[in-house]
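Please open the model in your viewer and follow the selections below in order.

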Amino acid sequence: MRNLRIRAIGVLLFISCCLAQAQTKSSDPSDSARQFVQKFYDWYIPGILKPSGGKKPFRWQQRASDFDAKLFRALKADEDAQAKVPGEIVGLDWDPFVANQDPCEHNTAKKVRISGRVYFVDVHNVCNGQEDEKVHVVAEVARENDQWVFVNFRYPTEQPGEKDSDLLTILKALREDRQKPSK
C-alpha cells in the first residue's frame with residue numbers, strides 16, 4: 001500500500017513538472033506568435049504547390065479563423081471582384097502571403113518584433129533548400145479572442161528611402177481603382 005502511495009505521488013510530481021514546463025514554453029508570446037505564423041506556412045505552402053488537377057484551386061479561406069475580420073473581408077472582396085471579370089486583372093495578381101507569383105518550397109518564420117498589441121514576424125523564403133537572408137514578408141499578428149490571427153502582411157522594400165508596402169493598403173487601392181468610373 002505504501003509503495004502505491006509513493007508511486008502515485010511520483011506520478012503526480014512528474015505530471016505537475018510537465019505541465020509547468022509546458023506553461024513556461026507557451027508563456028512566451030513572441031515564440032507563440034512565431035509558431036502560429038510557421039504553422040500557417042507549413043500548411044499553406046504545400047497546398048499552393050500541389051497541382052490542382054482540374055479541381056477547385058487551393059483556398060486560403062479554409063483557415064478563415066486565422067485572419068482578423070477586416071483582413072478577411074478585404075481579401076474576400078478582392079477575390080470576388082476578380083472572379084466577376086475573368087481574363088482581366090482587377091485585383092491581386094500575386095500571392096499576398098508569399099509576396100510573389102512563384103512560391104518556394106518552404107517559408108520560415110524567424111525574428112519577432114512587438115509594437116503595442118501587434119507582433120511582426122519576419123518570413124524568409126527557402127528555395128532549393130537554401131534559406132534566403134532577405135525578409136520577403138512580415139506577417140502582422142495579434143491575439144483576438146484568445147487566439148492568434150493575421151491582421152496584415154508587410155512587404156519590405158529593397159530600395160533605400162522607399163516606404164514598405166502592406167496588404168491592407170494595396171487591397172484598399174485596388175478597391176478604389178475598381179470603383180472609379182470606366183473611361
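Begin by colouring the protein chain by pLDDT (the predictor's confidence in each residue, from 0 to 100): its mean is 85, and 81% of the residues reach 70 or more. This is a predicted model, in which local features need pLDDT of at least 70 and side-chain atom pairs count only at 80 or more, while totals for chains, interfaces and linings use all residues. Residues are numbered from 1 along each chain as its sequence is written, and side-chain values use heavy atoms, without hydrogens and water.

Where pLDDT is low, the predicted coordinates should not be read in detail.

Move on to Phe40 and Trp43, which lie 3 residues apart in helix H2 (residues 29-49) and are therefore separated by about one helical turn.

Finally, select helix H3 (residues 69-84) with helix H4 (residues 167-179), whose axes (lines fitted to C-alpha atoms over the stretch in contact, with angles from 0 to 180 degrees between N-to-C directions) come within 10 Å and cross at roughly 40°. The contact (heavy atoms within 4.5 Å) includes Leu71 and Ala74 of H3 and Leu171 and Arg178 of H4.

Terms used
Helix = DSSP H or I, 4+ residues; strand = E, 2+ residues; numbered from the N terminus.
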